[in-house]
Amino acid sequence: MCVRGILLLCGLAASGVLQASGIRIYTAGDVEAVNGTDVRLKCTFQSSSAINPDVISISWSFRPLKPGREESVFHYQQKPYPPIEGIFRRRITWAGDVMGGDASIIIQEVKFTYNGTYMCQVKNPPDVHGTVGEIRLRVVTTASFSELLLLAFAVGGGIAVVVLLLIIIVSCRRCKRKRQRREGEVEAPRKEKKDPTVCHPMRAIHLYLSQTSIEIDSSDGMISDPSTKDSSSSSEGPSSDDDSSEDDMGSD
């Protein structure tokens, strides 16, 4: 009879009916928060069984630095149950997702009395065995140098990314404008270049040259008034001489 019982138990174990593997819980370890700010206590888990939202349960508890009893901080089963009394009343907010393996919570406006160890426990039947995740919270007056340095790097990195994007956008616009100008110069017809020294016929200024002669009287050596010979008078002179010669020939 005993042999049959042993064989039955071995068969059940081999088939996986009695196999129970512990649930794995992951926490941040040490967390630092500035007094009066909100802090997120991150707790994630992995279960060997399929997550059943109707039976899974999450419990958070707090153990202070000074000797004292543990205090319940938060409980979840189908819906969140924040504490209704104690130092964490109206200070805890659910920030997890059971189907995503997240059991995190947020503590609002932390105080120095919140210094201590926070324990996260998850049960997903039949996977109910496993270690308890722990987070040691330290509330400080100001942020540490490492956090300030990390914040400075984050802000500086963001500004650098924005400046780089602006430089890329401006460069692309300039390249596009240059390309459009080049294409316009190629397509535009070439205009004939005009000689600036050539004057338009309609704008030309007609200059008339007048001939001026000076007569000298040999008798007294005096210079007489200058006489101007116009081209019209000179042309009329020879015509009168021709008329006189023609009259003489007629008389003869």
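A: Start with E32. This is a predicted model. E32 has 22% relative accessibility, so this residue counts as partly exposed. The cut-off for buried is under 20%.

The partner of E32 is R138. The two form a salt bridge, with the closest N and O atoms 2.2 Å apart. This pair links distant parts of the chain. R138 lies in strand β11 and E32 in strand β2, and 106 residues separate them. R138 has 48% relative accessibility and therefore counts as partly exposed. Exposed would need a value over 50%.

Now the second pair on these strands. D30 forms a salt bridge with R136. Here the closest N and O atoms are 2.6 Å apart. D30 belongs to strand β2, which covers residues 29-34. R136 belongs to strand β11, which covers residues 133-140. Again the link joins distant parts of the chain, 106 residues apart. D30 has 56% relative accessibility, so D30 counts as exposed. R136 has 41%, so R136 counts as partly exposed.

Why can such side chains pair? Side chains of opposite charge can do so when their charged atoms come close.

A further salt bridge joins E70 and R63. Their N to O distance is 3.6 Å. The cut-off for a salt bridge is within 4 Å, so this pair qualifies. E70 is partly exposed, because its relative accessibility is 44%. R63 is partly exposed too, because its relative accessibility is 30%.

How many salt bridges does a search of the whole structure find? The search finds four, among them the pairs described above.

One more part deserves a look: a sheet. Three strands form an open sheet in the order β3-β9-β8, with antiparallel pairing. The edge strands are β3 (39-41) and β8 (92-94), and each pairs on one side only. On average, neighbouring strands in this sheet are turned by 30° against each other, with direction ignored. Strand β9 spans residues 105-107. Three bridges join β9 to β3, and the two run antiparallel. V39 has I107 in β9 as its bridge partner.

R138 with E32 connects β11 and β2. D30 with R136 connects β2 and β11. E70 with R63 meets at 3.6 Å, N to O.

How values were computed. Residues numbered from 1 in each chain as written. Predicted model: local features only at pLDDT ≥ 70, side-chain atom pairs only at ≥ 80, totals over all residues. Heavy atoms only, no water. Salt bridge = Lys/Arg side-chain N within 4 Å of Asp/Glu carboxyl O. Helix = DSSP H or I, 4+ residues; strand = E, 2+ residues; numbered from the N terminus. Buried < 20%, exposed > 50% of the residue type's maximum accessible area, 1.4 Å probe, protein only. Pairing = 2+ DSSP bridges. Axes fitted to C-alpha atoms, helices over the stretch in contact; angles between N-to-C directions.
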